[in-house]
Amino acid sequence: MVTICADGDTIAPTVIYKGQAFSTNWHQDNSLEASVAHSKKGWTDGVIRRLWIEDFDKKTCMKTNGHARLLLVDGHNSHYTKDFLDYAWDHNIHVLCYPAHSTHIYQGLNVVVFSLLKHSWTKECDHFENSKRLWITKQNFISVYG
C-alpha cells in the first residue's frame, strides 16, 4: 500500500506478501523502512488495515499539528470495518471512501501518480533482472522497489 500526502510527501509503504506464515527474510534489506505483513491471499484485510491506520496515524499526526487528516480509500471492505473507522474517529482522521468499483473513474492518482510508479517499477524490474540475472522474489522485492 502506497500513501501520498496532499503536499506530495510520502510515507513508507506497506508490503503485503501472500503466504501462510511470515518469513523474516522477506524484509532483511528494508532500506525503505516499509511495514511488512502477510495474508493467505496476499491482500489487505481488516486486521492488517487496523494496524496500518495506527502506523498512518503515528507517521502523520506530527505533520498536521493536531489538525484533522483526510484519508481517501477505495471501496474495499477492509477500509471501513468498524474497528478501522472507530480508530479513525478517535484520532481525528476523516475517512472518505470512494464507491466500490469506481476508483478508475474518480481517483486521479491511478492515472497521474501511480501510472508513473508503475512505469518506473517495470523499468527497474527489467534492469534488475537483466543486470543481476535474477528474478524478483519476496526476498529481494523491497530492495528492488526502493
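The questions below concern the salt bridges of this predicted model.

This is a predicted model in which local features need pLDDT of at least 70 and side-chain atom pairs count only at pLDDT 80 or more, while totals for chains, interfaces and linings use all residues. Residues are numbered from 1 along each chain as its sequence is written, and side-chain values use heavy atoms, with hydrogens and water left out.

Q: Why is the contact between Asp9 and Lys63 called a salt bridge?
A: A salt bridge requires a side-chain nitrogen of Lys or Arg within 4 Å of a carboxyl oxygen of Asp or Glu. The closest N and O atoms of Asp9 and Lys63 are 3.0 Å apart, so the pair meets that definition.

Q: Why is Asp9 called partly exposed?
A: Buried means under 20% relative accessible area and exposed over 50%, with partly exposed in between (1.4 Å probe, protein chains only). Asp9 has a relative accessibility of 39%, and therefore counts as partly exposed.

Q: How do you know that Glu54 and Arg50 form a salt bridge?
A: Their side chains meet at 2.3 Å, N to O, and both residues lie in helix 1, four residues apart, about one turn of the helix.

Terms used: Helices (H or I, at least four residues) and strands (E, at least two) are DSSP runs, numbered from the N terminus.
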